[in-house]
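Please have the sequence and the coordinates open while reading.

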Amino acid sequence: MTAIQIIFILSALVILGAAVMVVSTRNLVHAALYLVATLFGVAVLYAILDATFLTVVQVVVYIGAIAILFIFAIMLTRREMRDQGEQLNKGWGAAALIGLLTFGGLFMLLNNWRGVNATAAALPSGFDGVVELGTALVSTDAFVLPFEVASVLLLAALIGAVYVAGTKK
Amino acid sequence: MIPLSWYLILAAALFSVGLFGVLARKNAIAILLGVELMLNAVNINLVAFWRYGSLASIAGQVFAIIVFAVAAAEVAVGLGLVISVYRRRNTVVADELDLMKW
């Protein structure tokens, strides 16, 4: 077992353990902080996968912006169901069954697929993922259109969020 | 070296946990937390397929970035809706938000 495999297993344990706590803990602020732990674990996986830019974006955007936004929203709506009371609805048994069936189905599918045990080729010398990604995002024969559509989507979401959450005079 | 199957099984497990959270939680914000877990599972898959497929086609990473943008938009609008609903109806429990139920 190589060092990289040990790092993978440790971060996988962190991801899954924290994810289970996200969906099961009573205190929502704790759930948001466990989500931060999950997101850090995923950032470690991106680093193992040589996706350097995504590692940084995961930490800056997901942990720095999205998780903090969650914590703000939880604190703004906290009066209602603080820590007491049932946090899971009546159908949680069926929900657990559906979750297990989904995992079982995906596992079976992966078992029957030939490419599942592929190993990664070594990075060619001089390969720079960030340069490749940046070029692909702005070159006209690659992904410039989805990139622009994503920016319009973000603008629309910004205006929509302000309109929905703002107070009417 | 790590085989591809490790990533795929981890992502499947994370997706299932997120799905359970979406289906079983009462609080609307906790449901959005479950959606975030599912989006992250998808992103792990995308990046793993990029790394284990052909490195030259960067589409996996570009897709992951689009997922980031969509997740940010979803959280902004979703939490805006939750706060607006909380202000008007004083609840964030999904079961009690049955205004549009037939």
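Why does Leu23(B) count as buried? Leu23(B) has 20 C-beta neighbours inside 10 Å, which is why this residue counts as buried, the threshold being 20 or more. The model is a predicted one, and the points below are grouped by topic.

**Leu23(B)**
- Leu23(B) lies in helix H1 of chain B and, once residues up to four places away in sequence are set aside, touches Ala95(A) and Ile98(A).
- Between Leu23(B) and Ile2(B) there are 21 residues in sequence, and their C-alpha atoms are 32 Å apart in space.

**Contact between the chains**
- On chain A, 72 residues are in contact with 62 residues of chain B.
- Helices H1 (3-24), H2 (28-48), H3 (52-76), H4 (92-111), H5 (129-138) and H6 (144-165) of chain A each give two or more residues to the side that touches chain B, and H4(A) gives the most, with 11 residues.
- That side of chain A is made up of 58 nonpolar, 10 polar and 4 charged residues.

**The largest nonpolar core**
- The largest nonpolar core holds 74 residues, of which Leu14(B), Ile29(B), Leu33(B) and Val47(B) touch the most other members.
- At least two residues of this core come from each of H1, H2, H3 and H6 of chain A and from each of H1 (4-24), H2 (28-52) and H3 (59-89) of chain B, with the largest share, 15 residues, supplied by H1(B).
- Domain 1 (1-82) and domain 2 (128-169) of chain A each contribute at least three residues to this core.
- Leu14(B), leaving aside neighbours within four places in sequence, is in contact with Ile15(A), Leu16(A) and Ala19(A) as well as with Leu37(B), Asn40(B) and Ala41(B).

Methods: Residues are numbered from 1 along each chain as its sequence is written. Chains are lettered from A and ligands numbered from 1 in the order in which they are written. This is a predicted model: local features need pLDDT of at least 70, side-chain atom pairs count only at pLDDT 80 or more; totals for chains, interfaces and linings use all residues. Two residues are in contact if their C-beta atoms, placed from the backbone, lie within 7 Å. Helices (H or I, at least four residues) and strands (E, at least two) are DSSP runs, numbered from the N terminus. Ala, Val, Leu, Ile, Met, Phe, Trp, Tyr, Cys and Pro count as nonpolar, Asp, Glu, Lys and Arg as charged, and the others, Gly among them, as polar. A nonpolar core is a set of buried Ala, Val, Leu, Ile, Met, Phe, Trp, Tyr and Cys residues joined through C-beta atoms within 7 Å. A residue is buried if 20 or more other C-beta atoms lie within 10 Å of its own, exposed if 12 or fewer, and partly exposed in between; C-beta atoms are placed from the backbone. Domain bounds come from an automatic or database domain assignment.
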